[in-house]
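Me: I am new to this structure and would like a close look at a single part of it. Please take your time and connect the details as you go.

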Amino acid sequence: MKESSPLKILFASSEAFPLIKTGGLADVSGSLPRALQNLGHDVRLVLPGYQVVMSACKRRRLLSFEQEGHEVTLWQTTLPGSRVTVWLVDCAEFFDRPGNPYLDAQGEPWHDNAQRFALFCRVVARLAMDQFGLGWQPDVVHCNDWQTGLVPVALRHEPGRPALLFTVHNLAYQGLFSRQLFTELRLDEALWRFDRLEFHGQLSFIKGGLVFADRINTVSPTYAQEIQTEPFGHGLDGLLRHIGGRLSGILNGIDAREWNPGSDKQIAQRYNLRTLNKKGVNKVALQREFRLTPGEETPLLALIGRLVEQKGIDLLLAVLPELLQQPLQLVILGSGNRLLEQQLTELAARYPGRLAVAIGYDEGLAHRIEAGADIFLMPSRFEPCGLNQLYSLRYGTLPVVSPVGGLADTVVDADTPHGGSANGFVMAAVSAEALLATTRSALSCFHDKQRWRELQHNAMSEDFSWGKSAQAYRELYRLAQDDRDGERANGRV
Ligand code: ADP
Ligand code: GLC
């Protein structure tokens, strides 16, 4: 009975598209709640009331209260384009500031991130226990990444608490702070242990989720395995091996309405599997936009993403001069590490008409690039899931990816023995040499028109929408409920 009955789910996240986005977490938080709602569940999304969110949406005040001496107002709105209710935790002192949710204007973490997200977590925990008298108590709280790691900590001893799922979107970001902040946040001293919140002398928010949630998952099956090993564990692989039985992987879905070349209003020419020849119009438009020499025959490569170590930008920089000896063009859109931004910009100046770099964040341009490019590069050092390769597949823009995480789970190499389902190109290793070799195979394949069409056909006919994965989350919520109930029966609450 329990399996099919509708659940009340409180989905806690630090970003959600289209309200606020820095990366894939926002895409997931903006689309999974809707998919769960479509399955009949009652989902409420809770977000910090950042300045950009507060100024962009129509909202209704629910109540104001004090949280550890800070004035907080709770607002209600709706996730644009959906029926999902959103609660905004508005604390002016912490969230009413311009710019990035996590970083200041210098690109450094906000000095008070620990206090900001601790407050957010404590309010989420009170919502989870319906302590504000809203008349709604969730069956499950679904937490995402370190910013929500203290929610399970706050709820762990609450009688009648909801089941707790903690999703790791990226283990590289752990929310590490000083011992002094642990004291300032007035966390229970008993939590200062290596098997609780302490991590090599620091306070770790992510451990709150990993240790105290009933179930933990990551965003692809391969990444769930990888993080239990030293090279991918960021120091947490021991703990993750220990909790192995409670850890699993569910592949992200994509918002198939937002990322659909057949109905995308942000691209020059819409197309689908049957009208694939029209894709070229987007290519020429992109070439014009970036002052690249126009022409459909020249392969156009692209990369979109956060310019950080994870994304393997250094590997690309290492092979670019060699790659550019071949007739090809490359468009890069991203922002992040200042040094990488500078290196890319300098390189672009050396190859006018062939290499274009746009530093910044531009959602519309991301769509135009997906539609206009032939090949999408994703040489990530690690990739929990990755959404851009999925968008690329949907747009018939064949991905070149490293053999890790969600990339390995979604891209099938053109040279595999069972090449019938091939949809892209997978590097043999995470290295500059492998990137060069695999990009070269992709380029030679590009000139074999028939094979290219076959691969595009495979890529575009795959279904990466949320349906299956949302069902898998439903199952995981049930397991989390069972684990919580088992814990209670064992007297371990
Ligand atoms: P991650 O979450 O690690 O950044 P994903 O591939 O899961 O990587 O998701 C990245 C998301 O952010 C995609 O929707 C991508 O299009 C978007 N994105 C990243 N950088 C930019 C940018 N500079 N401009 C527009 N969109 C971007
Ligand atoms: C993270 C990961 C990315 C994943 C996204 C959404 O930011 O880096 O691989 O797709 O979260 O889960």
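By class, how many nonpolar, polar and charged residues does the shell around ligand 2 have?

Reply: This is a predicted model, in which local features need pLDDT of at least 70 and side-chain atom pairs count only at pLDDT 80 or more, while totals for chains, interfaces and linings use all residues. Residues are numbered from 1 along each chain as its sequence is written, chains are lettered from A and ligands numbered from 1 in the order in which they are written, and side-chain values use heavy atoms, with hydrogens and water left out.

The shell around ligand 2 has six nonpolar, six polar and two charged residues, where Ala, Val, Leu, Ile, Met, Phe, Trp, Tyr, Cys and Pro count as nonpolar, Asp, Glu, Lys and Arg as charged, and the others, Gly among them, as polar. In total, 14 residues surround ligand 2, and the closest are H169, N252, E383, C385 and G386; a residue belongs here if one of its heavy atoms lies within 4 Å of the ligand. Helix α1 (residues 24–38) gives the largest share of this shell, three residues, helices being DSSP runs of H or I with at least four residues, and strands runs of E with at least two, numbered from the N terminus.

Some polar contacts, pairs of N or O atoms within 3.5 Å, can be described one by one. A polar side-chain atom of E383 lies 2.5 Å from an oxygen atom of ligand 2, and a polar side-chain atom of N170 lies 3.3 Å from an oxygen atom of the ligand, whereas for C385 it is a backbone N or O atom that lies 3.0 Å from an oxygen atom of ligand 2. Of the 310 Å² of accessible area that ligand 2 has on its own, the protein covers 93%, with areas taken from the Shrake-Rupley method with a 1.4 Å probe.

The wider setting of the ligand involves two domains, whose bounds come from an automatic or database domain assignment. Domain 1 (8–253 + 467–490) and domain 2 (273–463) both give residues to the shell around ligand 2, so the ligand lies between them. The centres of domain 1 and domain 2, taken over C-alpha atoms, are separated by 32 Å. Across the boundary, 24 residues of domain 1 are in contact with 19 residues of domain 2, contact meaning heavy atoms within 4.5 Å.

Conventions. Polar contact = N/O pair within 3.5 Å; in protein donor to acceptor, adjacent residues only side chain to side chain.
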